[in-house]
Amino acid sequence: MSSAFENAHHFGLSASEINFGTTNYYGHASGGSRAAALKELREHIAAGAMHNSDERCDAPKCHPETRVAVQDELVGWILDGDGEDEPKNMLWVTGPAGGGKTAIMGSIADTCHKKGLLGCGFFFSSFVGSVDRRSKRCLVATMAYQLVQHEALRDVGERILSSIERNPAIFKQQLEVQLDQLLLQPFRESRRDPDAPPWPKVIVIDGLDECDAVQYGDTARSPHVTPRTKEADQTEILHMLLKAANDPSFPFRIIIASRPEPAIQSFFTDVAGHTTRKIFLDDKYNPDADMLLFVEAKFADICRRYQLSISWPSKDVKHTLVRNASGQFVYVSTVMRFIEGSSALPQELLDQVLKLRATDAFRNPFAPLDALYAHILNSSPNPLLTACWLDLIFGRRGPGLPRAARFVRLFLESSPGEAFHVFRGLNSLVSIPPTDSDCDDYTPSYSLFHKSLTDFLEDPSRCGSLYVDPGDVRGLYSERYLQIWKDKGPATPLDAHERGNFMDQFLHLRYFPGTLFLSTEQNLDWYDIAWWVRSQSEHAKDFEQTRRESPIRLSICAPILQSVSEMSPCLQIRQNRDAERASKARLDDSRLEAGAAS
């Protein structure tokens, strides 16, 4: 029998492709394995970090007809950057806090998505949304997932999934390895389909300065382990993106937005200066005119809602608000949210803002914003407790408390309803989910409208009497942690199902070494150590049975037990005293019995 390939010509064989004439058959994943690879990829993304995620439904966007100049410059660079005298593949958008960087990036991502120009994006956030948006862990996977979903990149997407099928552990490897296998290699191997839509042109990365460090060692138990810094992780991300931008097969320009933090500034100056274009959001882009448009639009809405004269407020007042902003959009946006609030009539609230006196405003551009933050926080019933709660939920000095509103209320409330009391009047600073309608729903979360509030609260020179010492923050956390431990549940009564949901998250929490049993020696016997360790063990087993990676390491029980061991002299003394009392009581009883018998 003759071979099927007898006299065949014009074809070649390789590991990844069989070519017959003009038809290509690629070695992609089969249907079942493709679905498994896609599922594996989906489990490692930060869905909330994508530009159109539900987490970002309230994210700031440029108000119509504002920030037009900078947006036009960005889109022009995306489309026509190759025509410049010295083409650059990366662009850094930077500027001080409150300058509107995230709003600009969100609007650019939306515009590029509508035009088919957006390949993928990642919006870091340390103060809003899921924890996956605060670190580098999910960055490459999230970018790859968006490329897999892109209509114009079907072949690239199939190759990405094939890479995952070959190496399911890729998500636990270094960023550069993930970049090579999930992004660069698929583009190197792919061929453009002439019948497919044009490939996208840009990747958008926002809030890089809000990327926190991933810790690989147990720094609490191992003092010799040097904690990794967020600057190290941010620089690692930048080196990865630079490698991609310099790869000839990588078809995207990359826009990165961040504050001008020293490590990031140094990278773009000393390492990537030759390949990076910079845009600093300063007076060149006329922010005052944009803010005036924004303020006028917001006041027009308020006038319609309250049936006020369209001449309110005067032009001078609007210009005063813009002048006080010192180029910071966060100031005017916070003012307008405050005035739109329902705590009083808008005229009264505007009058309160205009009466604020900012100290040292000539030397400190944040002075009007600081005065506004202080005024709003001081209007709460207990300002220091409010500041402490905010620090625990959003601050960098806290334990990383989950931000799910239901969990926060159950964990921090010493009595039911305390959260309403603490956050009363703060709707212009904090996005507050409604009172629980579904007690099983741990999705709605507290979020800040702007990260600058945590900057304010953590700087005693700015927040003054509202400053809360980190020790007091840790003290409140430990107090609530231990109280829940003692009571084996929160202050609010829960049914068995929701109690299980709460304890599931409670057992994720970390503690502050050296503070957990602080000032609790006299009450140490209240805490059921065996129950706590048993609960940790059962929680870990549940994760193991569901074949998920367990976030609970039983090794964290050791420091708790070590703390108890360090208290052992106190416990021994107490036990000896108890034994003496019991012995004396038995002796007295024996004497009484002997006396009665005689």
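Is Cys 120 buried or exposed? In this predicted model, Cys 120 has a relative accessible area of 1%. Cys 120 is therefore buried, since that value falls under the 20% cut-off. Cys 62 is likewise buried, with a relative accessible area of 14%. As for bonds between cysteines, a search of the whole structure finds 0 disulfides.

His 51 is placed in the loop between helix H1 (31–42) and helix H2 (68–80). Its relative accessibility is 6%, so His 51 counts as buried. Apart from neighbours within four places in sequence, His 51 is in contact with Arg 56, Ala 109, Asp 110, His 113, Leu 118 and Phe 123. With Asp 110 there is a polar contact between the two side chains, at 3.1 Å.

Glu 158 lies within helix H5, which spans residues 154–166. Glu 158 counts as buried because its relative accessibility is 17%, a value under the limit of 20%. The side chain of Glu 158 makes a polar contact with that of Arg 34, at 2.8 Å.

The relative accessible areas of these residues are listed below.

| Residue | Relative accessible area |
|---|---|
| Cys 62 | 14% |
| Cys 120 | 1% |
| His 51 | 6% |
| Glu 158 | 17% |

**A covered helix**

Helix H15 comprises residues 405–412 and is mostly covered, with 8 of its 8 residues buried. Among them are the arginines Arg 406 and Arg 409, as well as Phe 407, Val 408 and Leu 410. What covers the buried residues of H15 includes helix H14 (383–394) and helix H16 (418–422), together with helix H19 (470–487) and helix H20 (496–506).

**Enclosed space**

The largest cavity holds about 40 Å³ of space.

Its lining consists of Val 330, Thr 334, Arg 337, Tyr 373, Ser 428, Leu 429, Phe 449, His 450 and Leu 453. By class, the lining of the largest cavity has 5 nonpolar, 3 polar and 1 charged residues. Helix H11 (residues 329–340) gives the most to this lining, with 3 residues.

Note on methods. Residues numbered from 1 in each chain as written. Predicted model: local features only at pLDDT ≥ 70, side-chain atom pairs only at ≥ 80, totals over all residues. Heavy atoms only, no water. Disulfide = S-S within 2.5 Å. Buried < 20%, exposed > 50% of the residue type's maximum accessible area, 1.4 Å probe, protein only. Helix = DSSP H or I, 4+ residues; strand = E, 2+ residues; numbered from the N terminus. Polar contact = N/O pair within 3.5 Å; in protein donor to acceptor, adjacent residues only side chain to side chain. 1 Å grid on protein atoms, 1.4 Å probe; cavity = no way out; pocket = protein on both sides within 12 Å on 5 of 7 lines; lining within 4 Å. Points joined across faces, edges and corners; volume = space filled by probe spheres on them. Nonpolar A, V, L, I, M, F, W, Y, C, P; charged D, E, K, R; others polar. Contact = heavy atoms within 4.5 Å.
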